[in-house]
Structures are given as C-alpha cells and as structure tokens.
Amino acid sequence: MSTVDTEIDWEAYMQQASQYINGERDYTMIKGSTGPLVYPAVHVAIYSFLYKITEEGKNILLAQAAFTWLYLAILMLVMACYRKAKAPPYLFPLLVLSKRLHSIFLLRLFNDCFAVGFLFIAIYAYQHRIFTVGSVAYSFGVGTKMSLLLAGPAIGIILLQALPLKRALSAAFLMTQVQFVVAMPFLPVNARGYLSRAFEFSRQFLHKWTVNWRFVDEKIFLS
C-alpha cells in the first residue's frame, strides 16, 4: 500500500497535533508545514488521537489501516441511508467505484473522511427520527470541518418540517452547545483567535488545490 501521497496534509496534521498535545491552547499559534491550523476543535481531537496511536504520525501504514476500516464503515452507513431513501439499485455499485474517494480515505487521510462520516450519521439518525443524535452528529461534523455548514440550510428545513418550532430551535441550540463544549480547551485562552481560525469565512481556496473545478480558469475561480 503506497504512502507517498499522504504527505499533502498528514504531516501538517501531525505537527499541529503535536503542538496541542504539548500544551499549546492558543489556536493562532498552532501551525504546520502547510500553514496555520484552520480546522475546528473536533479535528484537533481526532488527529491528536491518531498521533498517539501511529507513533507520532510516523506509522502511516497503521493510519491507512484505520482509514480503511473507517471507509468501510461509512460505506455501509451510506448504503443504509440510500436504502432507507429507496434509491435505485444501480446507484449502489457506483459508491465503490470512485478512485477519488479511495484516494481521500486511503492515501490522503483527509479530515473530510470524518466530517462526511458524522454527516451521514446525522442523515441516518434523521431518517429514523432520532433528532437529538442527528443534531449532535451534525455538530461534530461541523466541528471537524467548516464546509459541513453548507448542509446547514437543508438540516434546518428538515428540522422545521419534522418538528414543532420549539423542538427545532432546541435542536439548533444543542448544536451550538456542542460547538462550545468541544472548543473549551481553546476558548478561555483566545476565543476570538479560535473562532477566526476555525471558522474563517473570508479564507480563499486556492485554484491549485481544487479537483472538481480544475477545468475553470484560475482568474474565474478566484473571482
């Protein structure tokens, strides 16, 4: 199993986890080879755990094995969601044919894997009307990677349609509470620094890192 491609972010994740484990709690001071830490607190907790079990990030093969099991678990979860939604059977084989998905999980070891995992736990829970579990799972996903906020409007509509207004607002408040709890190691030290880095809405995504929009000219992409 190749480990060459994991250096895109894995090394930076491990450097940042090391600083956290060694006591750094000011988010603006945590950095890696690719730049400052720009992901929320759940990301830090996950990769700090991986740092410890992979010999400070050096045992990449073990990390890949862990991500393999994560991939299989999420794949089964996604299929369960598709089945509940009565998706046509021809879609199921397509779930296992994506080379990019294999790369994200098994070679890149990106935090997207965990973020999407939490999102599908939320979807599965909402499909079975377990709204508290779904809301907590979704909030953990946002706490892993801010991009899951893109699913926020859909989650809001689901809650408003499925629940009385008071319960829907309670679910939204629960999501906010989860964010505060997971961020507690950092908020007392530099709350503004944490929020500005973990949820930096002004951050610009560079054209050289995109895959889906590679066909778009860089000037248009950045505009």
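Me: Which helices each supply at least two residues of the lining of the second largest pocket?
Reply: Those are α7, α9 (165-182) and α10 (187-198). Helices here are DSSP runs (H or I, at least four residues) and strands likewise (E, at least two), numbered from the N terminus. A pocket is an open set of points on a 1 Å grid over the protein atoms alone, where a 1.4 Å probe fits, with protein on both sides within 12 Å along at least five of seven lines; lining residues have an atom within 4 Å of a point.

Me: What sort of model is this?
Reply: This is a predicted model, in which local features need pLDDT of at least 70 and side-chain atom pairs count only at pLDDT 80 or more, while totals for chains, interfaces and linings use all residues. Residues are numbered from 1 along each chain as its sequence is written, and side-chain values use heavy atoms, with hydrogens and water left out.

Me: Back to that pocket. How much space lies in it?
Reply: The second largest pocket holds about 310 Å³, taken as the space filled by probe spheres set on grid points joined across faces, edges and corners. Its lining comprises 14 residues, and the closest to the centre are Val142, Met175, Thr176, Gln179 and Phe199. Helix α9 provides the largest share of the lining, five residues.

Me: How many cavities of 30 Å³ or more does the whole structure contain?
Reply: The search finds one, where a cavity is a set of points from which the probe cannot get out. The largest cavity has a volume of about 40 Å³. Helices α1 (10-21) and α2 (41-53) are the elements that give two or more residues to its lining.

Me: Which residues line the largest cavity?
Reply: The lining consists of Tyr13, Gln16, Ala17, Ile30, Leu37, His43, Val44 and Tyr47. By class, six of the lining residues are nonpolar, two are polar and none is charged.

Me: Tyr47 again, then: which residues touch the most other members of the largest nonpolar core?
Reply: Tyr47 is one of them, together with Tyr138, Leu159 and Tyr194, in a core of 60 residues. Helix α3 (residues 60-84) gives the most to this core, with 10 residues. Such a core is a set of buried Ala, Val, Leu, Ile, Met, Phe, Trp, Tyr and Cys residues joined through side-chain atoms within 4.5 Å.

Me: Which residues is Tyr194 in contact with, leaving aside neighbours within four places in sequence?
Reply: Tyr194 contacts Tyr27, Pro40, Ala41, Ala183, Phe186, Leu187 and Phe199, a contact being heavy atoms within 4.5 Å. For the protein chain, residues 24 or more positions apart account for 66% of the contacts with a separation of 6 or more.

Me: What is the overall pattern along the sequence?
Reply: The chain has 11 helices and two strands, in the order α-β-β-α-α-α-α-α-α-α-α-α-α. Of its 223 residues, 41% count as buried, that is, under 20% relative accessible area, with exposed over 50% and partly exposed in between (1.4 Å probe, protein chains only).

Me: Changing topic: how many salt bridges does the structure hold?
Reply: It holds two, each a side-chain nitrogen of Lys or Arg within 4 Å of a carboxyl oxygen of Asp or Glu. One joins Asp112 and Lys145 at 2.8 Å, N to O. This pair links distant parts of the chain, 33 residues apart: Asp112 is in helix α6 (residues 112-127), and Lys145 is in the loop between α7 (131-142) and α8 (152-162).

Me: Is Lys145 buried or exposed?
Reply: Lys145 counts as buried, because its relative accessibility is 17%. Asp112 is partly exposed, at 24%.

Me: And the other bridge: where is it?
Reply: It lies between the side chains of Lys58 and Glu56, at 3.1 Å, N to O. Lys58 is exposed at 60% relative accessibility, and Glu56 is partly exposed at 47%.

Me: What about the backbone of Lys86?
Reply: Lys86 is not a glycine, yet has a positive phi of about 60°. Lys86 is in the loop between α3 and α4 (91-94) and is exposed, at 72%. Arg129, also not a glycine, has a positive phi of about 60°; Arg129 sits in the loop between α6 and α7 and is exposed, at 53%.

Conventions
Ala, Val, Leu, Ile, Met, Phe, Trp, Tyr, Cys and Pro count as nonpolar, Asp, Glu, Lys and Arg as charged, and the others, Gly among them, as polar.
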